[in-house]
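Hi,

Here is the structure I promised to pass on to you. Have a look at it first, and then read my notes below.

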Amino acid sequence: MIYKRSSALFNEAKKYIPGGVNSPVRAFNAVGGDPIFVKKAKGAYLYDEDDNKLIDYISSWGPMILGHAHPAVVKAIVERTKDGTSFGIPTALETEIAKLAVSMVPGIDKIRFVNSGTEACMSAVRLARGYTKKDKIIKFAGCYHGHSDSFLIQAGSGAVTFGEPNSPGVTKGTAKDTLLAHYNNLESVEKLVEENKGDIACIIIEPVAGNMGCILPKKGFLEGLRQICDNNEILLVFDEVMTGFRLAPGGVQELLGVEADIVTFGKVVGGGLPVGAFAGKSDIMNHLSPDGPVYQAGTLSGNPLAMAAGYTMLKELNNNREIFESLDKKTAYLHEGMAKVLNDANIDHQINRIGSMISIHFCKDPVMDFETAAHGNNPKFKTYFHGMLDRGVYMPPSAFESYFLNDALSYEDIDHTVNALSEFVHELK
Ligand code: PMP
């Protein structure tokens with residue numbers, strides 16, 4: 001494939017935008033080469049500035065679960081635009097989407113909308129601290145909850161891809177209140193709780209992790225966290241920015257049957273526009289301003305275009321719940337196809353999958369936490385990424401990311417993907 005125009009655009013972008021991108025993982029630093037620049041997207045495909053057509057496995061990092069430029073979502077945005085794009089005054093639509101979200105997600109009474117997943121998680125933690133009147137939080141190595149200061153302690157995703165899991169600019173004072181546990185390791189959590197008795201406001205976790213590749217919680221792990229929280233008056237915060245409205249209508253809480261105290265959302269909930277949200281029972285949510293003392297606000301929060309896109313997306317998913325099963329089957333088909341090619345060629349690999357989230361690590365041992373995931377961050381991954389891209393398949397440009405399948409993807413697209421892998425699998429030896 002030719003990427004001449006993309007490369008020229010990237011060189012121009014670098015003059016005016018740090019690193020040429022507005023979010024680090026878009027650059028190809030981890031895999032080498034210049035990023036592609038997208039001109040448009042429709043359904044399962046991206047069309048880049050050099051007029052290459054690519055099968056898209058990142059779906060805007062999650063939001064485009066129905067495929068790009070879905071007709072109902074596009075129509076809702078266009079129609080809503082005609083009546084004004086921002087008021088800073090309440091609209092009826094905000095209550096409609098809130099009502100729908102509350103009906104789809106287990107265990108929540110109220111939800112507040114913000115503009116990004118970062119804002120959602122940052123606000124959730126402030127609320128947990130305000131509610132419990134405690135300062136410290138526990139997070140897990142390799143989990144990413146956005147770029148707010150408290151979370152840039154051994155974070156996953158771009159933070160680790162670019163070698164800065166602990167970002168400069170985060171003060172020691174902030175860092176000391178973030179305690180670090182290990183994913184799938186209850187003992188590491190128990191130890192921290194014991195050492196910091198009475199000081200921990202919340203445990204925040206990606207209940208299925210997607211920022212070190214896709215990592216599933218071991219049986220009993222989330223239940224164990226729930227128990228630890230209940231025993232110690234700690235709030236459990238599920239960061240469902242990736243998994244919410246994707247793995248099931250009610251996210252991981254519904255899929256795996258464990259309830260959190262506060263849940264955060266992003267990505268799918270905005271239908272491709274900048275939206276995040278956090279939700280919980282009234283008892284907790286009523287601590288938010290203006291009812292309660294915990295301050296949180298946003299000029300563009302509940303923006304009418306964003307709410308129109310999000311509401312239409314949630315309605316489509318709620319009214320067509322077979323989509324979740326369809327996505328699961330397509331992802332399982334991809335899993336089987338890729339596993340067969342890699343097994344036949346004797347390539348060490350680990351494929352983790354749940355619903356429409358999947359990732360491949362080129363390593364021998366099971367990938368279940370940050371340490372084991374890091375074994376997959378190797379030259380083979382780079383070969384794999386470029387081998388796929390050269391054959392028209394756009395995978396995440398980092399071993400520390402999950403793929404997000406969208407329902408516009410056809411079985412023929414998946415066959416093409418598996419065939420692409422078989423063409424260069426010998427290079428992964
Ligand atoms: N939480 C999780 C689990 C995420 O994956 C992300 C982003 N990938 C965020 C929070 C932050 O969301 P945003 O990029 O919208 O700020």
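In helix H11, the buried residues are Pro 304, Leu 305, Ala 306, Met 307, Ala 308, Ala 309, Gly 310, Tyr 311, Thr 312, Met 313, Leu 314 and Leu 317. (Buried means 20 or more other C-beta atoms within 10 Å of the residue's own, with C-beta atoms placed from the backbone; helices of at least four residues and strands of at least two are DSSP runs, numbered from the N terminus.) That makes twelve of 16 residues, so H11 is mostly covered.

Before going on, please note that this is a predicted model: local features need pLDDT of at least 70, side-chain atom pairs count only at pLDDT 80 or more, and totals for chains, interfaces and linings use all residues. Residues are numbered from 1 along each chain as its sequence is written.

What do the buried residues of H11 pack against? They meet helices H2 (71–81), H3 (92–104) and H12 (322–344), where contact means C-beta atoms, placed from the backbone, within 7 Å.

**Lys 267**

The unreviewed UniProt entry places "modified residue: N6-(pyridoxal phosphate)lysine" at Lys 267; such annotations may be inferred rather than shown by experiment. Lys 267 sits in the loop between strands E9 (262–265) and E10 (276–280). Lys 267 is buried because 27 other C-beta atoms lie within 10 Å.

Best wishes

Note on methods. Contact = placed C-beta atoms within 7 Å.
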